[in-house]
Amino acid sequence: MDFALSEEQTAIFDMAYGFGQDHIAPFARQWEKDETIPKDLWPKIAELGFGGLYVSEDAGGSGLTRLDATLVFEALSMACPSVAAFLSIHNMCAKMLDSFASDALKSRIMPDILSMNTVLSYCLTEPGSGSDAAALKTKCERTNEGYSLNGTKAFISGGGYSDAYVAMVRTSDDGAAGVSTVYVEDGTEGLSFGGLEDKMGWRSQPTSQVQFDNCNIPAGNLVGEEGKGFKYAMMGLDGGRLNIAACSLGAAQTALTATLNYMGDRKAFGKPIDQFQGLQFRLAEMEIELQAARVFLRQAAWKLDTGAPDATKFCAMAKKFVTEAGSKVVDQCLQLHGGYGYLADYGIEKLVRDLRVHQILEGTNEIMRVIVARDMLKNR
């Protein structure tokens, strides 16, 4: 078994890390205060090929593997997990459109999506359907011209900010088989947004409800086939779970590196605090946790890339393990900084806040346990 990254993968990581340190890290705290990410950042990221990470090369994307993509998100989250996670959402939508949209729709929208002149949001969750996503109620009814949408989506990253919305909607009452996917462009009549949510973390991402009130879209904006939308949404989530785990991993690594440096400088009782064995043990525990998380994440990504039959189970396990490990590590890093860790200037408290939501989105960690247990019971 070869656990080493290839030269190309190392170059991908280094490119993403360098971009993040130059173009994101110096501004992350200000963007958090502003509660927005400057729109001109995205075309710069797209110049690296990050606007369509796993969109096929034939369609103008980068055609990277899921493992390659986790390297990008791990590296970018070392600058800011909120920005990195938003890019993951865009890429999840771009892959859905590349895989299932009609040729006519793709020819019209994909060039701007890949250049990130069009930034995408993913609209699945509703006020009354989170973990039970198949219970969504947003209606999508046929009209002479296309479809009319009515309903509300909740907790949408990029609500009121993005240029288009990939939305899961109900075209029939047949449970999960009645869900379809549509593409809704900003400025469409009947599309509106709630007020910005005041969040614990991910504060640089504008988040709001997305509302459809007799929102009419052309028939060509249906993505794929009617009734297949829930399947499309779930297929995207395996990769999304890996990406969000990678964001936890990168941010936790940044916190641990900062803590190592801090402990070498901070003195107590006449010596640097990194010389106290009890604190050294805590450093070792964090290093072990992150290295285990990194290997587990990359194994799960490899399984998804190779089409392993247990890929979904491993993506769920990795998402649960890595996001919880990341939160545990950044919390310990804050503790080892003492009172300074509680101050914004040191950057650790932001990571504590940003990473907490990773255990909730892309399927809660409780749902990850359900997926794993069901697989175990099915295959016993």
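Predicted model: local features only at pLDDT ≥ 70, side-chain atom pairs only at ≥ 80, totals over all residues.
**View 1. Salt bridges cross the interface of domain 1 and domain 2.** Three salt bridges are found across the interface of domain 1 and domain 2. The elements giving two or more residues to the domain 1 side of this contact are α2 (28-34), α5 (81-100) and α6 (103-114). Of these, α5 gives the largest share, 13 residues.

**View 2. R108 and E185 pair up.** Here the side chain of R108 meets that of E185. The two form a salt bridge, with 2.8 Å from N to O. Polar contacts can be counted between the two domains as well. Between domain 1 and domain 2 there are 13 residue pairs in polar contact, with both residues at pLDDT 80 or more.

**View 3. Domain 1 packs against domain 2.** In this view, 27 residues of domain 1 are in contact with 25 residues of domain 2. The centres of the two domains, taken over C-alpha atoms, are 22 Å apart. The size of an interface is often given as the accessible area lost when the parts come together. For domain 1 and domain 2, about 2,300 Å² is buried between them. Carbon and sulfur atoms carry 65% of that area. Which three residues supply more of the area that domain 1 buries against domain 2 than any other three? They are E35, K39 and F86, which supply 26% of it.

**View 4. A salt bridge joins R29 and D345.** The structure holds 19 salt bridges. One of them joins the side chains of R29 and D345, at 3.3 Å from N to O. R29 lies in helix α2, while D345 sits in the loop between α9 (311-336) and α10 (348-356), so the pair ties together parts that are 316 residues apart in sequence.

**View 5. The chain is divided into three domains.** Domain 1 covers 5-113, domain 2 covers 119-226 and domain 3 covers 228-377.

View 6. How much of residues 122-215 is helix, and how much is strand? The span is 0% helix and 47% strand. Its end C-alpha atoms are 17 Å apart.

View 7. Over residues 227-376 the chain is 76% helix and 3% strand. The end C-alpha atoms of this span are 29 Å apart.

Methods. Residues numbered from 1 in each chain as written. Heavy atoms only, no water. Domains from an automatic or database assignment. Contact = heavy atoms within 4.5 Å. Buried area = accessible area lost by both parts, 1.4 Å probe. Salt bridge = Lys/Arg side-chain N within 4 Å of Asp/Glu carboxyl O. Polar contact = N/O pair within 3.5 Å; in protein donor to acceptor, adjacent residues only side chain to side chain. Helix = DSSP H or I, 4+ residues; strand = E, 2+ residues; numbered from the N terminus.
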